[in-house]
Amino acid sequence: MPQLAESLVSATISKWLKKPGDSVDLYEPIAEIITDKVSAELPSTIKGTIAKILIGDGETVPVGSPICLIETEAADHASAAPTGEMQAAGNAEAAVESANGDGSMRNRYSPAVQQLAAEHGVDLTKVPGTGMGGRITRKDVLAYIAAGDAGKQASSATRGAVPQAPVEPVIDEANVPVRSTGLHLSETPRIAPVEGQAIPGRGETFIDVTPVRNSIAQKMRQSVTEIPHGWMMIEVDVTNLVVLRNKLKDEFIKREGVNLTYLAFFIKAVVNAIKDFPIINSVWAVDKIIMKRDINISLSVGTEDSVITPVIKNADQKNIAGIAREIDVLARKTREGKLKLDDVQGGTFTVNNTGSFGSILTHPIINYPQAAIITFESIVKRPVVINDMLAVRSMANVCLSLDHRILDGVICGRFLQRVKDTLEGFDQDTKLY
C-alpha cells in the first residue's frame, strides 16, 4: 500500500479489479481503495502477472504493507544477461539515486505521478526525484516535461487529442414549477433507494456501514467533539445576480459546455472575502493558529449515499467562468465515482450549496480541521421593504458555522457582510472572464 498522501496511515481495499493469473500493464489499475472519503484506483507500478492476492475486499491495511504479489518477466529470466536498453535504464536510475544520496523511496510512485507520466509518455526511471528518499513528485515530472525531454516520447495521437467538455441539458426555467413559497426547484427531489438486509418478523432492516460512511462518521464526530461551533446567518438580495445569470447562461453553455450556476458567483464572492479576512482560511494547531496561504475551496457534493468534498485548488486565481468549469468537472467526477485522491486533498475552506434542494436555513458541521463552513441557501422571492415601500425581491440566506477557538462574531460578521456586498454588487456589467 503506497503512501498516497502525507497524512495517510492506512487504506481499505474496496475491491480487486484483477484476480490471480491476470496480466497487468504498467500503471493499469489493479484495485479500488477507499481513503479520505473517496474511492480511488490503485495502479500497478510494474508489468507482470498477478500471482497472489494478500488482502481481501473490505480489509484495511497500514501504508507500506504488501497487498499482492506480481510475477514479472524479469523473474522468469533472472539468469539472463540484461539487454543494453535495460542496462542503460538501470544506469540512469542509479545515477539519479546517486545524485540524491538516499534512494530508498526512488521506486515508490504515487497514482498522481503515475497518471501524469502515462499521459505524457514519461519514463520515470529518467526523472530526477527531489522528494524524501529520492521519491519522484508531480513537480519533478512537470519540470521534466517542461524541459522538453518528455515531449519526444509522447505519441502524436496523444498530443493531438483535445478533450471535449460534456454538455448538460439546459433547464428551461420558464417552465419550472413555482411553489407557493416562491421557491424555484430545477427538478423534483429524488428518493434514494435504501439497500439492506431485512430481519424476519421484526420489520427492521440491517444496513452495512460502508467504509465511506464510516469515514464520514469519524470526521463528523471529531468535528463536533473537538470544535466549539458557533453559527451566524445573513440575508442577501440577489435580484441583480438572478438577472445577470439569466442574461448570460445560454451563451455560456454554448461557449463552455457547462451550466452557469449561482454557486460559481457565490464561491467568487466567498474567495474575495477570504482575501480580505485571511484568518477565515486557517486551522487550529493547539498552541498556534496556522493561516493557509492558498485558498482551496472544498465543495460539498452529495451523492445517493454520502457527501464528498472535492477541492477547487487556488480558487483565488480563477475567474467566475473558471470556477464554473471546476464545479462542473468535480461534481461529475464525484457522482460518477471517478475522483482521485488529489481531488479531495488540500481544502482550506468549505462551501455548501444546500439551497440546491430547497433548504432556506442550515447549521452545517465544520469540515475538520478547517475553521469555518458556509452555505448558500435557496433563492426565494419575498416582499422586502425598500425606502419604506414594499418590493418583491429575490432573497437568499447565507449561513456560516465557525470554530470559536479561532474566530469570533466580529470578524465573521464582517466576513459575511463582505460576501453580501459582493453578491449584491453583481450587475449586468459584471464580467465572467
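**View 1. Lys288 and its partner Asp287.** Lys288 is partly exposed, with a relative accessible area of 45%. The model shown here is predicted. Asp287 forms a salt bridge with Lys288. The closest N and O atoms of this pair are 3.1 Å apart. Asp287 counts as exposed, at 62% relative accessibility. This value is over the 50% cut-off, so Asp287 is classed as exposed. Lys288 falls between the 20% and 50% limits and is therefore classed as partly exposed.

**View 2. The salt bridge between Arg405 and Asp403.** In this pair, the closest N and O atoms are 2.8 Å apart. Asp403 is buried, with a relative accessible area of 0%. Arg405 is partly exposed, at 27% relative accessibility.

**View 3. The salt bridge between Asp22 and Lys19.** Here the closest N and O atoms lie 3.6 Å apart. Lys19 is exposed, and its relative accessible area is 53%. The structure holds 14 salt bridges. The pair Asp22 and Lys19 is one of them.

**View 4. Helix H6, end to end.** Helix H6 covers residues 211-226 and has 16 residues. From its first C-alpha to its last, H6 reaches 22 Å. That is close to the 22 Å expected at 1.5 Å a residue.

**View 5. The buried face of H6.** Which residues of H6 are buried? They are Val212, Ser215, Ile216 and Ser223. Seen down the axis of H6, these buried residues fall within an arc of 100°, so they line one face of the helix. They pack against three strands, listed here with their residues: S3 (29-35), S10 (229-237) and S15 (307-308).

**View 6. The other face of H6.** Arg221 and Thr225 are exposed residues of H6. The face that carries them is turned away from the buried side of the helix.

**View 7. A nonpolar patch on the surface.** Which residues form this patch? Trp231, Met233, Ile360 and Leu361 do. Together they have about 370 Å² of accessible area. Trp231 lies in strand S10. S10 is also one of the strands that the buried residues of H6 pack against. Trp231 itself counts as partly exposed, at 35% relative accessibility.

Key. Residues are numbered from 1 along each chain as its sequence is written. This is a predicted model: local features need pLDDT of at least 70, side-chain atom pairs count only at pLDDT 80 or more; totals for chains, interfaces and linings use all residues. Side-chain values use heavy atoms; hydrogens and water are left out. A salt bridge is a side-chain nitrogen of Lys or Arg within 4 Å of a carboxyl oxygen of Asp or Glu. Buried means under 20% relative accessible area, exposed over 50%, partly exposed in between (1.4 Å probe, protein chains only). Helices (H or I, at least four residues) and strands (E, at least two) are DSSP runs, numbered from the N terminus. The expected span of a helix is 1.5 Å times one less than its number of residues. The arc is that of the directions from the helix axis to the C-beta atoms. Contact means heavy atoms within 4.5 Å. Patches are made of residues with over 30% relative accessible area and no salt bridge: like charges are joined within 9 Å, nonpolar side chains (Val, Leu, Ile, Met, Phe, Trp, Tyr) within 5 Å. Accessible areas come from the Shrake-Rupley method with a 1.4 Å probe; for residues, only the protein chains shown count as cover.
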